[in-house]
Amino acid sequence: MISRRRHEAGLRRLLGQFPVVGLVGVRQVGKTTLARNFAARKESPVTFFGLEDPADEARFADPRLAPEWLDGLVVVDEVQRSEGLFRLLRVLVDRPLNRTRFLILGRAGPALRR
């Protein structure tokens, strides 16, 4: 396995500054592996959502099902599969006293430019 400690340190720094950090790239470069390894070292709660899973996709498709109860680090994989995700993230991040951090992963391409 390739050591990605420097990348993990970068994620830690960015998530300390910003409520949402995006990790994008082509398929099979290790985005999900990096996120899982990073999350495994976190002491705060971590929640994973994979938008290839229909149940997770439904939670983000309907704003009334928005996961407002989330705390800690939330990792959302395959963000390019959800058209309304960025609008929903804005609502979740703007909540009063929000301390949740979102790490969003997706394939680079035109779908992310919405």
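Accessible areas here come from the Shrake-Rupley method with a 1.4 Å probe; for residues, only the protein chains shown count as cover. This is a predicted model: local features need pLDDT of at least 70, side-chain atom pairs count only at pLDDT 80 or more, and totals for chains, interfaces and linings use all residues. Residues are numbered from 1 along each chain as its sequence is written, and side-chain values use heavy atoms, with hydrogens and water left out.

View 1. The protein chain has 4 helices and 4 strands. Helices (H or I, at least four residues) and strands (E, at least two) are DSSP runs, numbered from the N terminus. The chain exposes about 7,400 Å², and carbon and sulfur atoms supply 51% of that area. Of its 114 residues, 39% are buried (under 20% relative accessible area; exposed is over 50%, partly exposed in between; 1.4 Å probe, protein chains only). Take the contacts (heavy atoms within 4.5 Å) between residues at least 6 apart in sequence: 75% join residues at least 24 apart.

**View 2. The largest nonpolar core has 14 residues.** Such a core is a set of buried Ala, Val, Leu, Ile, Met, Phe, Trp, Tyr and Cys residues joined through side-chain atoms within 4.5 Å. Phe60, Val74, Val76, Leu85 and Phe102 have the most contacts inside it. Strand E3 (73-77), helix H4 (85-93) and strand E4 (101-107) each give two or more residues. H4 supplies the largest share, 5 residues. Beyond its neighbours within four places in sequence, Leu85 touches Leu51, Phe60, Val76 and Val79. A second, separate core has 12 residues, including Leu11, Leu15, Val21 and Leu73.

**View 3. Helices H1 (residues 5-17) and H2 (residues 31-40) pack at about 70°.** Their axes lie 10 Å apart. Axes are lines fitted to C-alpha atoms, for helices over the stretch in contact, and angles run from 0 to 180 degrees between N-to-C directions. H1 is therefore roughly perpendicular to H2 (65 to 115 degrees). H1 contributes His7, Glu8, Leu11, Arg12 and Leu15 to the contact; H2 contributes Leu34, Asn37 and Phe38.

**View 4. Thr100 sits in the loop between H4 and E4.** Thr100 counts as buried because its relative accessibility is 1%. Its side chain makes a polar contact of 3.3 Å with that of Arg95. A polar contact is a pair of N or O atoms within 3.5 Å; within protein, one must be able to donate a hydrogen and the other to accept it, and residues adjacent in sequence count only if both atoms are side-chain atoms. Leaving aside neighbours within four places in sequence, Thr100 is in contact with Pro19, Leu70, Asp71, Gly72, Val74 and Arg95.

Conventions:
Angles under 35 degrees count as roughly parallel, over 145 as roughly antiparallel, 65 to 115 as roughly perpendicular and the rest as oblique.
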